Every structure is written in C-alpha cells, then in structure tokens.
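Visitor: Please show me the structure, and I will ask what the words used for it rest on.

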Amino acid sequence: MGTSLHPPQLITNSRTLYLVWVPADPDAVAKLVPEGLTPAAARTCYINQYVVEGADLTSSDGEETFGAYSLTYLGADLAGLDTEVGVPARWWTHYYNSSDVMSRYAREHGVPAGEPGRTTLDLDGDTLVATTHIDGRPIIRTTARVSIGTPQRAVGQLRYITRRDDEFISGRYAYVCDIAEHFEVQSFEFLDSTHPTYQLRPADPLQITFGFYTPSMSFVYPGGEGPLGSEHGS
C-alpha cells in the first residue's frame, strides 16, 4: 500500500550521523549489489542514522504525514555513478523507519523499507551515541566524540539507486547541512550476528573512510528521479 503524498518531500533540521567504512566481509557486501550495478572497488559501505524531532520539520501535510520520525538506512557504495568526484552513488540494502507513512512512501520509490525500526541519537557532553533498535533490540550502535564548535556549511547531492519494475532508478537527494567541527568515531558495533545487517559489519581494526555529525540537515526526499542512464537519471 502506498501513500497519498506526492514527491518530493522536504525534511528540515534533522540530527544526522553519516559514516562510510571498509567491511569485514567484502564478498558478502558485493553479493548484496544486484547484477547491472558495480560495487565500489573497496566494497565500502555507508550508514545514515538520523532523527527528525517534530512533524513540523517535514513538508508532508493532510490526512497522511511523515510526523516526527527516526531512520537508519545502510548499504553499499557503487562504482562509476559518482554525483561528483569522490561522491559515489549508493545502493540501499536495509532501511528501518519509525514512520509507517514514510516507509510506505519509500517503498513506492523502490527503497527496501523493511520492518519498523527506531533510531536514537543521544549527545551527552562530547559523547554521541547513535543506536538502531529493531523489534525492541539494539542492532547497531555508533559511539563518537563530537564537538559542534563552529559548524561548517556543506551542500550537495547524494545519489541513491533503487529498482522499480525491474528498472534501475537514479534519485538525487539535494541537501544543506551544518557539520560539527570535530567528529571522531570511537566504536561502531553490529550487535546481533543473526541479523541481516551483520553482513555489512566493519573490518577489525575499524576503517572509517568518511563521516560526519550534523545537528541540522535539510534535504528533499526524493528529488531528481529518473531511469538510470536517462537525461534525468544520469
């Protein structure tokens, strides 16, 4: 079942933690990327753990709204589809949203929105703990040292590839955010070896290749969609 909402939808002032890392099992990650797409050479993976604190921070209105929600999604970096130099396109493998409306909206756009999930981001002093809960159990936990300091403005587009009706769709998600001045990952744990996300667990020792925390990120969801390879989806 879909929703009555029309794309794109605007999300503002989300608190967001974003990481890219080298996985422990590159072959398992490569198998999650479908034929027709090419995983990044290093088989790097990504995760976004974020929280939207209020319903008035989204543009959805009417009988159905996203409401306040939290979300964790993760997947694999792709080769050959960069939005700009050093910013790869990405393939979603797992998606856990606390908002049923948003999960249905995402599925309409080919996102593999699975069972409901809840994500918390707790900042205590300079320690940030982001935890993904599924079925009441913590599954992924990130601990980072953060200092907001003088935030740095960042703008651009993230590109995610989905599949609808056996066709790859390219979606460009424009964003504006203010990145914390200091950010250092202390630990990144996949807590349940029986959960499907465990296939993307990080290598030991941990190799984080990119990451940030922002107390304020705004983006469209989605925007700039089109069949992969078309003018709109290039």
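Guide: The largest pocket has 18 lining residues, and those nearest its centre are Val 87, Leu 158, Tyr 175, Phe 210 and Phe 212. This is a predicted model, where local features need pLDDT of at least 70 and side-chain atom pairs count only at pLDDT 80 or more, while totals for chains, interfaces and linings use all residues. Residues are numbered from 1 along each chain as its sequence is written, and side-chain values use heavy atoms, with hydrogens and water left out.

Visitor: What makes a set of points a pocket, and what makes it a cavity?

Guide: On a 1 Å grid over the protein atoms alone, a cavity is a set of points where a 1.4 Å probe fits but cannot get out; a pocket is an open set with protein on both sides within 12 Å along at least five of seven lines, and a lining residue has an atom within 4 Å of a point. A volume is the space filled by probe spheres set on the points, which are joined across faces, edges and corners. For the largest pocket the volume is about 310 Å³.

Visitor: Which strands supply at least two residues each of the lining of the largest pocket?

Guide: Strands E1 (9-21), E8 (152-164), E9 (167-179) and E11 (208-221) do. E8 gives the most, with four residues. Strands (E, at least two residues) and helices (H or I, at least four) are DSSP runs, numbered from the N terminus.

Visitor: How many residues of that lining are nonpolar, polar and charged?

Guide: The lining of the largest pocket has 13 nonpolar, two polar and three charged residues. Ala, Val, Leu, Ile, Met, Phe, Trp, Tyr, Cys and Pro count as nonpolar, Asp, Glu, Lys and Arg as charged, and the others, Gly among them, as polar.

Visitor: How many cavities of 30 Å³ or more are there?

Guide: The count is one. The largest cavity has a volume of about 120 Å³. Among its 13 lining residues, Asn 48, Tyr 73, Leu 158, Tyr 173 and Phe 219 are the closest to its centre. E11 provides the largest share of this lining, three residues. By class, the lining of the largest cavity has eleven nonpolar, two polar and no charged residues.

Visitor: Why is His 109 called buried?

Guide: Buried means under 20% relative accessible area, exposed means over 50%, and partly exposed is in between (1.4 Å probe, protein chains only). His 109 has a relative accessible area of 9%, so His 109 is buried. His 109 sits in the loop between H2 and strand E5 (117-124).

Visitor: What is in contact with His 109, leaving aside its neighbours within four places in sequence?

Guide: Pro 7, Thr 162, Arg 164, Pro 222 and Glu 225 are; contact means heavy atoms within 4.5 Å. The side chains of His 109 and Glu 225 are also joined by a polar contact of 3.1 Å. A polar contact is a pair of N or O atoms within 3.5 Å; within protein, one must be able to donate a hydrogen and the other to accept it, and residues adjacent in sequence count only if both atoms are side-chain atoms.

Visitor: Why does Glu 115 count as partly exposed?

Guide: Glu 115 has 40% relative accessibility, so Glu 115 counts as partly exposed. Glu 115 also lies in the loop between H2 and E5.

Visitor: How do you know that E5 and E6 pair?

Guide: Two strands pair if DSSP finds at least two bridges between them. Eight bridges join E5 to E6 (residues 127-134), and the two run antiparallel. Leu 121 has Ala 130 in E6 as its bridge partner.
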